[in-house]
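Here are my notes on the structure, as numbered points. Please read them with the sequence and the model open.

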Amino acid sequence: MKKFGLIAGDRNLPFAVREWAIKNHIDLYVAGIKGCVDMNLFDEMKKSHYIIPHLSQLSKVIKFFKKNDVSEIVLAGGVNSSSVRITFDVIRLFSKLLFMKNKYDGILRLVIAEFEKNGIKVVGVDEILTDSIIKKGVLTATKPTKKEMQEIKDNLKGAFDVASRDVGQSVIVFDGRIIAEESFKGTDELISRASKITNGKGGILIKVLKPHQERRADLPVIGVKTILNLSDNGFSGIAIDADNAIFEDKEAVLKLANDKNIFIIGV
């Protein structure tokens, strides 16, 4: 069997990678990130197939994959700040990061470079989960109104401008303008913060790929939790960067969006 590695963060995307591996008869070796990964991911997997390091222990992760003759890996799932500790690996990487303009994207590039320097190729999750790529057009039964379409069009450039600052990938548009920008705390916190302004009267989440972003490590993702959060706070829908973003669980996300009357459009 072909061998393949997975560095697994939180939520459901790592499960989709596992199903892809099973379907394609691929022997999957998983490095699950402590405090992030759902331990159910390892059900029915051999114990020898996984370790649970801190993300900052790069040298140990590389050693694990090389020991098992894994030459290709994918990164899938989110990471929280508690998964990174100050180690020699981190100090060495951050010393290089000081000279990079875009710090967040920079560390992702350095991490990938570290694997590839050791003969381990990093592939994008969109390269293997091709059916999960978000395509252009309205993808749900619920459609944006003409007013909402105009608001998306008018604020798309602004969303890319925000993304270019290397902080977040998302903004909330309400009443024709951007009212909130994503911080390092993530999309869920953005929705919660913006809801204090929208008061359940609508609003659109626009999520885009950062310019020159390392897409193999941080591709925009839409999952079930995002749909629930939008619905619970009275938002209308999502506009997302077509061909540059993926569904965490396509079938479940679209079903829930339709049930909750949340539109999803690839732009």
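This is a predicted model: local features need pLDDT of at least 70, side-chain atom pairs count only at pLDDT 80 or more; totals for chains, interfaces and linings use all residues.

1. The second largest pocket is lined by 15 residues. Those that lie nearest its centre are A16, E19, W20, L129 and S132. Its volume is about 370 Å³.

2. By type, the lining of the second largest pocket divides into six charged, five nonpolar and four polar residues.

3. Helix α1 spans 13-23. Its buried residues are L13, P14, F15, V17, R18, W20 and A21. An α-helix has 3.6 residues a turn, so residues three or four places apart point the same way. The buried residues of α1 pack against several elements: the strands β1, β2 (26-32), β4 (72-76), β10 (221-222) and β12 (246-247), and also helix α5 (125-128).

4. R11, in the loop between β1 (2-8) and α1, has a positive phi of about 65° although it is not a glycine. With a relative accessible area of 30%, R11 is partly exposed, because that value falls between the 20% and 50% cut-offs. After α1 comes H25, and its phi is also positive, near 55°.

5. A further non-glycine residue with a positive phi is D175, where the angle is near 55°. D175 sits in the loop between β7 (170-174) and β8 (177-181). Is D175 buried or exposed? Its relative accessibility is 58%, so D175 counts as exposed, the cut-off being over 50%.

6. The structure holds three aromatic pairs. In one of them, the rings of F4 and W20 have their centres 5.1 Å apart, with planes at 70°, so this pair is edge-to-face. F4 belongs to strand β1 and W20 to helix α1, so the pair ties together parts that are 16 residues apart in sequence. Both F4 and W20 are buried.

7. Another pair is F64 with F65: the ring centres are 5.3 Å apart and the planes are at 50°, so the pair is tilted. F64 has a relative accessibility of 9% and so counts as buried. F65, at 0%, counts as buried too. Ring pairs link F64 and F65 with Y29 into a cluster.

8. Which residues does N40 touch, once its neighbours within four places in sequence are left aside? N40 is in contact with F15 and R18, and both of these are among the buried residues of α1. N40 itself lies in the loop between β2 and β3 (50-51). At 45% relative accessibility, N40 counts as partly exposed. N40 and F15 are 25 residues apart in sequence, while their C-alpha atoms are 9.0 Å apart in space.

Technical notes: Residues are numbered from 1 along each chain as its sequence is written. Side-chain values use heavy atoms; hydrogens and water are left out. Helices (H or I, at least four residues) and strands (E, at least two) are DSSP runs, numbered from the N terminus. Buried means under 20% relative accessible area, exposed over 50%, partly exposed in between (1.4 Å probe, protein chains only). Contact means heavy atoms within 4.5 Å. On a 1 Å grid over the protein atoms alone, a cavity is a set of points where a 1.4 Å probe fits but cannot get out, and a pocket is an open set with protein on both sides within 12 Å along at least five of seven lines; lining residues have an atom within 4 Å of a point. Grid points are joined across faces, edges and corners, and a volume is the space filled by probe spheres set on the points. Ala, Val, Leu, Ile, Met, Phe, Trp, Tyr, Cys and Pro count as nonpolar, Asp, Glu, Lys and Arg as charged, and the others, Gly among them, as polar. Rings of Phe, Tyr and Trp (its six-membered ring) pair if their centres lie within 6.5 Å; planes under 30 degrees apart count as stacked, over 60 as edge-to-face and the rest as tilted.
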